[in-house]
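Opened the notebook for a pass over this model.

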Amino acid sequence: MAGLFYEELEVGRTYEHSVRRTITEFDNVLYCGLTMCLSPAYLDHEAAAKSKWKKPLVNPFLVLSNVIGMHVIEMTAGTTHGNLGMTDLEFPVPVHPGDTLRSRTTIRSKRPSKSQKGSGIVIFLHEGVNQRGEVVMKCDRAALMIMRDGEGRQ
Amino acid sequence: MKSLAFEELEPGRVYDHGLRRTITEVDNVGLSCLTQNLQPLHIDADFAARSRWGRVLVDSMVTIGVIMGIHNLELTHHTASGELRIKEVKFPNPVFHGDTLRARTTITGKDGGPAAAECGAVDCLLEGFNQQGVLVMSCNWTQFVRKAG
């Protein structure tokens, strides 16, 4: 597996992920459909033309999913028990269909879990960046990461 | 379903949303792969069977998307500006294929800002529960909702 174990994640280090992705209208419409989101801000070109952005927004939860998704194959694939939660999630710049996103992750802190032997809680700062270098999303996320010899290692 | 304007969203009010949703394999594997989330816990049934969960774990980004979708459909789909920020999200319990989720919104505060502003900030606690009533997601967030004005 390509993910990093708890011991391999260096506090303070920033990882620039190689996965990039143009967020298409297909992504946005499909995502809104599967999550039953009907907002005209994301789906209705006529309504969106009258908004302050003059065009549809990408559903922010699709932005979140992509930015988190982009780090997985390089950092947590096969080395985590799961996501515990996020704090301070912001979308400072809107994303529109056609924007190309990349992602970077900084390790904020880590500590061994008291209750779950062989794993530790790692706080990641995830940032999504568009083709102009603007940060479009950021959040802190806590994950339960597996240690090299921890239960759950495969 | 009628969306509520900023003025209609009253702090203290609790909305138990009627729409429920069974999370299927299509939702989880489809959305995980659509968003480059190639975590084997979400897309590799053999790997997941040998993990602590014993079966495929639903991507928490799918859970938050569906719970937000239920909220949006029943309260603000026409009045939400699309701008939002989230103070805290927790996923205290796992979601698996076949689980049926429901959602509850509690309005915790609001701030209309300047009288001329088109939107006001509404603070919400949004909770997601599975078919056993177990809390699978809680989220404290603020969304900007259009005024009736």
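**Entry 1: the contact between the chains.** I started with a count: 41 residues of chain A are in contact with 41 residues of chain B. This is a predicted model, so I am reading computed geometry throughout.

Which elements of chain A each supply at least two residues of the side that touches chain B? I found α1 (25-34), α2 (40-43), α4 (60-75) and β3 (80-90) of chain A. The top contributor is α4(A), which gives 10 residues to that side. I also sorted the residues of that side of chain A by class and got 23 nonpolar, 14 polar and four charged.

**Entry 2: helix against helix.** For two packed helices, the things to look up are the angle between their axes and the distance between the axes. The axes of α4(A) and helix α4 (residues 60-76) of chain B come within 10 Å and cross at roughly 180°. An angle over 145 degrees counts as roughly antiparallel, so α4(A) is roughly antiparallel to α4(B).

I then listed who meets whom. From α4(A) I have F61(A), L64(A), S65(A) and I68(A), and they meet M61(B), I64(B), G65(B) and M68(B) in α4(B). By class, this contact of α4(A) with α4(B) comes to six nonpolar, two polar and no charged residues.

Entry 3: In what sense do β3(A) and strand β3 (residues 80-90) of chain B pair? They run antiparallel, and I see five bridges between them. One position I checked in this pair is E90(A), which stands opposite R85(B) in β3(B).

**Entry 4: strands within chain A.** I moved on to strand β4 (residues 100-112) and strand β5 (residues 119-129) of chain A, which pair in the antiparallel sense over 10 bridges. The bridge partner of R102(A) is V129(A) in β5(A). β4(A) and β5(A) make a hairpin with six residues between them, and in the turn G118(A) has a positive phi of about 85°.

On to strand β6 (residues 135-146) of chain A: β5(A) pairs with β6(A) in the antiparallel sense, over 11 bridges. Here I123(A) stands opposite A142(A) in β6(A). This hairpin has five residues between the strands, and G133(A) takes a positive phi near 85°.

**Entry 5: positive phi outside glycine.** I looked up two residues here. K54(A) has a phi near 70°, a positive value in a residue other than glycine. I located K54(A) in the loop between α3 (45-49) and α4 of chain A. Is K54(A) buried or exposed? I counted 9 other C-beta atoms within 10 Å of K54(A), and 12 or fewer counts as exposed, so K54(A) is exposed.

Q36(B) is in the loop between α1 (25-34) and α2 (40-43) of chain B. For burial, I got 20 other C-beta atoms within 10 Å of Q36(B). The cut-off for buried is 20 or more, so Q36(B) is buried.

**Entry 6: confidence check.** The complex has an ipTM of 0.93 and a pTM of 0.95. For chain B the mean pLDDT is 95, and 99% of its residues reach 70 or more.

Definitions and conventions
Residues are numbered from 1 along each chain as its sequence is written. Chains are lettered from A and ligands numbered from 1 in the order in which they are written. This is a predicted model: local features need pLDDT of at least 70, side-chain atom pairs count only at pLDDT 80 or more; totals for chains, interfaces and linings use all residues. Two residues are in contact if their C-beta atoms, placed from the backbone, lie within 7 Å. Helices (H or I, at least four residues) and strands (E, at least two) are DSSP runs, numbered from the N terminus. Ala, Val, Leu, Ile, Met, Phe, Trp, Tyr, Cys and Pro count as nonpolar, Asp, Glu, Lys and Arg as charged, and the others, Gly among them, as polar. Two strands pair if DSSP finds at least two bridges between them. pLDDT is the predictor's confidence in each residue, from 0 to 100. Axes are lines fitted to C-alpha atoms, for helices over the stretch in contact, and angles run from 0 to 180 degrees between N-to-C directions. Angles under 35 degrees count as roughly parallel, over 145 as roughly antiparallel, 65 to 115 as roughly perpendicular and the rest as oblique.
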